[in-house]
Amino acid sequence: MRLYNTAFQNFDKNYIGGATMAILGQSCLGAAAAMYILSNGTSVLQMVQLGIIVFASMFANTSILAQMSHKTVFNLNILSVSLSVLLIIVNHIY
């Protein structure tokens, strides 16, 4: 919890730079996850995974554009990055 609080304080203190880097980083990671998902084919399972990652990335970017609270933006970016990494690992292994 200490790591989370420290990271959030840094993000909150430099919100404009952090939000810009969050958009760039999580969008690129989401695109990489989409690439790994589609490299395994286009079955229903892959399309569900693709929908999840697209929704998570769009929701994280929209939260910044909609000027939601800094904590909400931070949490949604963590969720988006976590889902992207998880789906990259799952689709790389299988």
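Helix 1 passes helix 4 in a right-handed crossing, where right-handed means the near helix is turned clockwise from the far one by less than a right angle, and left-handed means anticlockwise. This is a predicted model, so local features need pLDDT of at least 70, side-chain atom pairs count only at pLDDT 80 or more, and totals for chains, interfaces and linings use all residues. Residues are numbered from 1 along each chain as its sequence is written, and side-chain values use heavy atoms, with hydrogens and water left out. The chain has four helices and zero strands; helices (H or I, at least four residues) and strands (E, at least two) are DSSP runs, numbered from the N terminus.

**Helix 1 against helix 4**

- The axes of this pair come within 10 Å and cross at roughly 120°; axes are lines fitted to C-alpha atoms, for helices over the stretch in contact, and angles run from 0 to 180 degrees between N-to-C directions.
- That angle makes helix 1 oblique to helix 4 (under 35 degrees is roughly parallel, over 145 roughly antiparallel, 65 to 115 roughly perpendicular, and the rest oblique).
- On the helix 1 side the contact uses Tyr4, Ala7, Phe8, Phe11 and Asp12, and on the helix 4 side His70, Lys71, Val73, Phe74, Asn75 and Ile78; contact means heavy atoms within 4.5 Å.
- Sorted by class, the contact of helix 1 with helix 4 has seven nonpolar, two polar and two charged residues (Ala, Val, Leu, Ile, Met, Phe, Trp, Tyr, Cys and Pro count as nonpolar, Asp, Glu, Lys and Arg as charged, and the others, Gly among them, as polar).

**Helix 2 against its partners**

- Helix 2 (residues 15–39) and helix 4 (residues 70–93) have axes that come within 9 Å and cross at roughly 25°.
- That makes helix 2 roughly parallel to helix 4, and the crossing of helix 2 past helix 4 is left-handed.
- Helix 2 brings residues including Gln26, Leu29, Gly30 and Tyr36 to this contact, and helix 4 brings residues including Asn77, Ser80, Ser84 and Ile88.
- The contact of helix 2 with helix 4 counts 12 nonpolar, eight polar and no charged residues.
- Helix 1 and helix 2 pack with axes 5 Å apart, at an angle of about 110°, which makes helix 1 roughly perpendicular to helix 2.
- Phe11, Asp12 and Lys13 of helix 1 meet Tyr15, Gly18 and Ala19 of helix 2, and the residues of this contact divide into three nonpolar, one polar and two charged.

- Helix 4 has 24 residues, which at 1.5 Å a residue should span 34 Å, and its end C-alpha atoms are 35 Å apart, which agrees; the expected span is 1.5 Å times one less than the number of residues.
- Buried residues in helix 4 are Val73, Phe74, Leu76, Asn77, Ser80, Ser84, Leu87, Ile88 and Asn91 (buried means under 20% relative accessible area, exposed over 50%, partly exposed in between, with a 1.4 Å probe and protein chains only).
- Their cover includes helix 1 (2–13), helix 2 and helix 3 (44–65).
- Ser80 sits in helix 4 and counts as buried because its relative accessibility is 0%.
- Setting aside neighbours within four places in sequence, Ser80 is in contact with Gln26, Ile53, Ala56, Ser57 and Ala60.
- Ser82 also belongs to helix 4, but at 42% relative accessibility Ser82 counts as partly exposed.
- Ser82 and Gln26 are 56 residues apart in sequence, yet 9.5 Å apart in space, C-alpha to C-alpha.

- Ile52 is in helix 3 and is partly exposed, with a relative accessible area of 42%.
- C-alpha to C-alpha, Ile52 and Ile88 are 13 Å apart in space and 36 residues apart in sequence.
- Gln67 is in the loop between helix 3 and helix 4 and is exposed, with a relative accessible area of 70%.
- Phi of Gln67 is near 55°, a positive value in a residue other than glycine.
- For context, most residues other than glycine have a negative phi.

**The chain overall**

- Read along the sequence, the pattern is α-α-α-α.
- The C-alpha atoms fill a box of roughly 45 × 30 × 15 Å, taken along the principal axes.
- Of the chain's 94 residues, 32% count as buried.
- Among contacts between residues at least 6 apart in sequence, 72% join residues at least 24 apart.
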